[in-house]
Amino acid sequence: VGSEAQARLDALTPKLPASFRFDWRGVLFEGRRGTEAPATVQLTGDLGGLRYSAEDAARRHAALELLQRRHGPRFSRTVGNRLLLDVAEPLDGPTDIKRIVTTITLALLKARDAIDDARPLVAGFG
């Protein structure tokens, strides 16, 4: 059964651009693999809502400072006051399912510290 499942996975070639959603460590991610060169997998994680100053000024200030840092993963804020994490990872080699999943995993591992830094800034707030 395992070898048959592996053969089916190996035969799958995603139609590009591919888009997908998944949850990792309580964060909803949307991802896509475009057709542009160089090939990348781009992920956007919705980390949660930001507090307003009247609710928790210190937490909001810390979250906005995190937004100011532009090294490594990139943070952004939506019109609805939600904190997003945008990461991209080069997709080297063939664009089969295994390569895409490996690239997603690598991107998430690289973004793990940024997610951990942001988590207490949005904790308990939708």
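How many salt bridges does the structure hold, and where do Asp 46 and Arg 82 sit in the chain?

Author: Before we dig in, this is a predicted model, where local features need pLDDT of at least 70 and side-chain atom pairs count only at pLDDT 80 or more, while totals for chains, interfaces and linings use all residues. Residues are numbered from 1 along each chain as its sequence is written, and side-chain values use heavy atoms, with hydrogens and water left out.

Okay, your count: there are five salt bridges. The term means a side-chain nitrogen of Lys or Arg within 4 Å of a carboxyl oxygen of Asp or Glu. To place them, you need the layout. The protein chain has three helices and five strands, in the order α-β-β-β-α-β-β-α along the sequence. These elements are DSSP runs numbered from the N terminus (helices are H or I with at least four residues, strands are E with at least two).

Now your pair. Asp 46 and Arg 82 come together through their side chains at 2.9 Å, N to O. Asp 46 is in strand S3 and Arg 82 is in strand S5, 36 residues apart, and the pair links distant parts of the chain. Asp 46 counts as partly exposed because its relative accessibility is 26%, and Arg 82 is partly exposed too, with a relative accessible area of 26%. Here buried means under 20% relative accessible area, exposed means over 50%, and partly exposed is in between, using a 1.4 Å probe and protein chains only.

Another of these bridges joins Lys 110 and Glu 89, again at 2.9 Å, N to O. Lys 110 lies in helix H3 and Glu 89 in strand S5, so this pair ties together parts that are 21 residues apart in sequence.

Arg 59 and Asp 56 meet at 3.7 Å, N to O. Both residues belong to helix H2, three residues apart, which is about one turn of the helix. Arg 59 is partly exposed at 22%, and Asp 56 is partly exposed at 26%.

So what do S3 and S5 belong to? They're part of an open sheet of five strands, ordered S1-S2-S3-S5-S4 with antiparallel pairing. Its edge strands are S1 (18-24) and S4 (74-77), each pairing on one side only. Ignoring direction, neighbouring strands are turned by 25° against each other on average. Two strands pair here if DSSP finds at least two bridges between them. S4 and S5, for instance, are joined by four bridges, and Arg 77 stands opposite Leu 83 in S5. Helix H2 packs on this sheet, touching S4 and S5, and its direction makes about 125° with that of S4. Helix H3 lies across S1, S2, S3, S4 and S5, running at about 155° to S5. For those angles, axes are lines fitted to C-alpha atoms (for helices, over the stretch in contact), and the values run from 0 to 180 degrees between N-to-C directions.

Leaving aside neighbours within four places in sequence, Thr 103 is in contact (heavy atoms within 4.5 Å) with Val 41, Glu 89, Pro 90 and Leu 91. Thr 103 is buried, with a relative accessible area of 6%.

Finally, the nonpolar side of things. The largest nonpolar core has 26 residues, and those with the most contacts inside it are Leu 43, Leu 47, Phe 75, Leu 83 and Leu 85. Strands S2, S3 and S5 and helices H2 and H3 each supply at least two of its residues, with the largest share, 10 residues, coming from H3. Such a core is a set of buried Ala, Val, Leu, Ile, Met, Phe, Trp, Tyr and Cys residues joined through side-chain atoms within 4.5 Å. Not counting residues up to four places away in sequence, Leu 47 touches several others, among them Val 27, Phe 75, Leu 83 and Ile 115.
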